[in-house]
Amino acid sequence: MAEHKEEQSVMEKLSEKLHGDSSSSSSDSDDDKKGSSSSSAAAAMKAKIYRLFGRERPVHSVLGGGKPADLVLWRNKKISGGVLAGATAIWLLFEIMEYHLLTLVCHCLILSLAVLFLWSNASTFIHKSPPNIPEVKIPEDLTVNIALSLRYEINRGFATLREIGHGRDLKKFLIVIAGLWILSVLGSSCNFLTLFYIVFVALYTVPVLYEKYEDKVDAFGEKAEIEFKKYYALFEEKCLSKIPKGPLKDKKH
């Protein structure tokens, strides 16, 4: 009888342990399901977040990735700062000191050639090796790729102008006219070098600031887009709808 009772107690302990393990495993599975559901919900919420200009990729990928994107986004602060300092020095040299480009190029070439010539001739007297002047050649593939990219962008610009000229997209027409008017105002107030420097500094600072404060900028951009769509719909209803539109399709010959 005592042995029978001991067997019953052992069986009860084993059953309790099995039930406890099953309950713990079920609770773990429930926790895993809750974690996966919460992560999927977080991913869905993240996908619904408004991004400026409909951006779906990170800023680094939008800029093309690689070293150019690292340079613009200040991944290496020394190199990026050096490039910005060099551009600022060139702008100060030409704009403030009123130096000319052709004069600067000629002076730099004169100085470089004089140093190399004297060094090459003096190396025999001072018993040192002559300067190692590297052979510089422009790669053919790089030139072809640049030419093809430039050709593609120019053709796309011509296609956009042609589409606007046909009167098919009034919104694009207004955007292009506003952009050209802004450029004309900037061109009348400053010369080309200053305008180029302003654009360079803007391209060199705006992306990194946007990456740093993208959540705040995207929230503000969402509100601005909603307001713009509201006012544009009102303007289209009262003014643009009364303007006759051009043909939707080209005439077939």
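**Helix packing in a predicted model**

α6 and α7 are oblique to each other. The angle behind that is about 120°, and the two axes lie 9 Å apart. For the contact itself, α6 supplies T160, E163 and I164, while α7, which covers residues 170-189, supplies K172, F173 and V176. Sorted by class, that contact has three nonpolar residues, one polar and two charged. The crossing of α6 with α7 is left-handed.

Keep in mind throughout that this is a predicted model.

After α6 comes G167, with a positive phi near 75°.

Next, α4 and α8. How are these two helices oriented relative to each other? They are roughly antiparallel, with a packing angle of about 165° and axes 10 Å apart. In residue numbers, α4 is 77-96 and α8 is 192-212. Their crossing is left-handed.

Which residues of α4 and α8 meet? On the α4 side they are I79, S80, V83, L84, A87, T88, W91, F94 and E95. On the α8 side they are L193, T194, Y197, F200, V201 and Y204. By class, this contact of α4 with α8 comprises 11 nonpolar residues, three polar and one charged. On spacing within a helix, the background is that an α-helix has 3.6 residues a turn, so residues three or four places apart point the same way. You can follow such steps in α4 from S80 to V83, then A87, W91 and F94, each of them among the residues that meet α8.

α8 also packs against α9, residues 214-238. Here the angle is about 95° and the axes are 5 Å apart, so α8 and α9 are roughly perpendicular to each other. From α8, the residues involved are Y210, E211 and K212; from α9, they are E214, V217 and D218. The contact of α8 with α9 divides into two nonpolar residues, no polar ones and four charged.

Last, confidence. The chain averages a pLDDT of 76, and 73% of the residues score at least 70. Where in the chain is confidence lowest, and where highest? The lowest is helix α1, residues 2-47, with a mean of 49; the highest is α4, at 89. Two stretches have pLDDT below 50: residues 1-7 and residues 41-47. Beyond near neighbours in sequence, residues 1-7 have zero contacts in the model, and the count for residues 41-47 is also zero. Where pLDDT is low, the predicted coordinates should not be read in detail.

That is what I have; questions are welcome.

Notes
Residues numbered from 1 in each chain as written. Predicted model: local features only at pLDDT ≥ 70, side-chain atom pairs only at ≥ 80, totals over all residues. Heavy atoms only, no water. Axes fitted to C-alpha atoms, helices over the stretch in contact; angles between N-to-C directions. Helix = DSSP H or I, 4+ residues; strand = E, 2+ residues; numbered from the N terminus. Parallel < 35°, antiparallel > 145°, perpendicular 65-115°, else oblique. Left-handed = near helix turned anticlockwise from the far one by under 90°. Contact = heavy atoms within 4.5 Å. Nonpolar A, V, L, I, M, F, W, Y, C, P; charged D, E, K, R; others polar. pLDDT = per-residue confidence, 0-100.
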